[in-house]
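Dear colleague,

Please find below the structure that I am handing over to you.

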Amino acid sequence: MTYSVPYSFVPGTKAKADEVNANFIDVLSKIEDTNARIDDSNTSIDTSISEVTDKIDELAEQKLDLDLSNISKTGQKLFDAKANTSALDGSWTIKQATIANKSITKDVTQTFSLSSYLPDKTNKYEILVSMLATSDTGSHSCFFLYLKTDYLTTNMPICRASRADGYAFSAGIATLLTSSGRKISVYNTTSANDTTDYTLKLHAYRRVK
């Protein structure tokens with residue numbers, strides 16, 4: 001937009017004082033008007049920035065004040081797990097250890113603690129175990145060995161053997177769940193009175209909950 005003053009002067013003619021003054025007054029008026037518009041724009045920008053900042057602060061406060069009281073315990077554990085990726089499930093830890101090297105007779109249950117093998121007593125773990133069992137007493141050796149834990153309380157077969165020549169041998173491997181009690185039990189349900197020797201070993205574990 002082109003701006004022009006109220007009065008124009010021709011070279012070689014006399015300028016009237018009131019016309020010159022009128023031109024100066026008009027220029028000053030335009031400058032003041034422009035400055036006023038700039039001030040208004042700056043004020044508007046400052047107001048907009050302030051409003052955006054206030055909105056960001058408001059949203060931040062709403063986020064910080066989020067009420068999680070109605071979320072189930074399972075949901076809260078999920079949030080905790082996501083906040084700490086080291087607590088997520090699924091990673092196997094190799095742990096080679098002999099849990100028991102014992103002898104066991106008919107209808108006997110032997111229970112062993114897993115406390116020294118598993119890191120956190122408040123969590124559930126999946127454990128990988130193996131068993132090697134032998135019996136050579138009596139003319140007819142046989143055994144039926146089972147495992148169970150504090151979480152998986154149903155007896156799970158792991159080693160069974162029967163030999164007429166007086167010697168029986170069996171090996172097995174199993175993946176079991178254990179809970180906060182961190183116990184594992186061996187149960188012998190052989191139909192004979194033979195004594196069975198066995199070695200129970202832990203090979204790995206992982207947190208599942």
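I begin with Thr-105, which is partly exposed at a relative accessible area of 34%; here buried means under 20% relative accessible area, exposed over 50%, and partly exposed in between, with a 1.4 Å probe and protein chains only. Thr-105 sits in the loop that runs between strand E1 (93–104) and strand E2 (109–113). Leaving aside neighbours within four places in sequence, Thr-105 is in contact with Asn-188, Asp-194 and Thr-195, a contact being heavy atoms within 4.5 Å. Thr-190 lies 85 residues from Thr-105 along the chain, and the C-alpha atoms of the two are separated by 8.1 Å.

Please note that this is a predicted model, in which local features need pLDDT of at least 70 and side-chain atom pairs count only at pLDDT 80 or more, while totals for chains, interfaces and linings use all residues. Residues are numbered from 1 along each chain as its sequence is written, and side-chain values use heavy atoms, with hydrogens and water left out.

Overall architecture

The chain contains 2 helices and 8 strands, and along the sequence they follow the pattern α-α-β-β-β-β-β-β-β-β. Helices (H or I, at least four residues) and strands (E, at least two) are DSSP runs, numbered from the N terminus. The chain has 209 residues, of which 27% count as buried. Among contacts with a separation of 6 or more, 75% come from residues 24 or more positions apart. The chain exposes about 14000 Å², and carbon and sulfur atoms supply 53% of that area; accessible areas come from the Shrake-Rupley method with a 1.4 Å probe, and for residues only the protein chains shown count as cover.

The sheet

An open sheet is formed by 4 strands in the order E1-E8-E3-E6, with antiparallel pairing; two strands pair if DSSP finds at least two bridges between them. E1 and strand E6 (168–178) stand at the edges with a single partner strand each, so one side of each is left without a neighbour in the sheet. Within the sheet, E3 and E8 run antiparallel and are joined by 10 bridges. Leu-128 has Ala-204 in E8 as its bridge partner.

Salt bridges

The structure holds 2 salt bridges, each defined as a side-chain nitrogen of Lys or Arg within 4 Å of a carboxyl oxygen of Asp or Glu. Side chains of opposite charge can pair when their charged atoms come close.

The side chains of Arg-206 and Glu-126 meet in one of them, at 2.6 Å from N to O. This pair links distant parts of the chain, with Arg-206 in strand E8 (residues 196–207) and Glu-126 in strand E3 (residues 125–135), 80 residues apart. Arg-206 is partly exposed at 24% relative accessible area, whereas Glu-126 counts as buried at 16%.

Arg-37 and Asp-33 also meet in a salt bridge, at 2.2 Å from N to O. Both belong to helix H1 (residues 17–64), and because they are 4 residues apart, about one helical turn separates them. Arg-37 is partly exposed at 47%, and Asp-33 is partly exposed at 39%.

Surface patch

Leu-132, Tyr-167 and Phe-169 form a nonpolar patch on the surface, with about 290 Å² of accessible area together. Patches are made of residues with over 30% relative accessible area and no salt bridge, like charges being joined within 9 Å and nonpolar side chains (Val, Leu, Ile, Met, Phe, Trp, Tyr) within 5 Å. Leu-132 is found in strand E3 and is partly exposed, at 40% relative accessible area.

With kind regards
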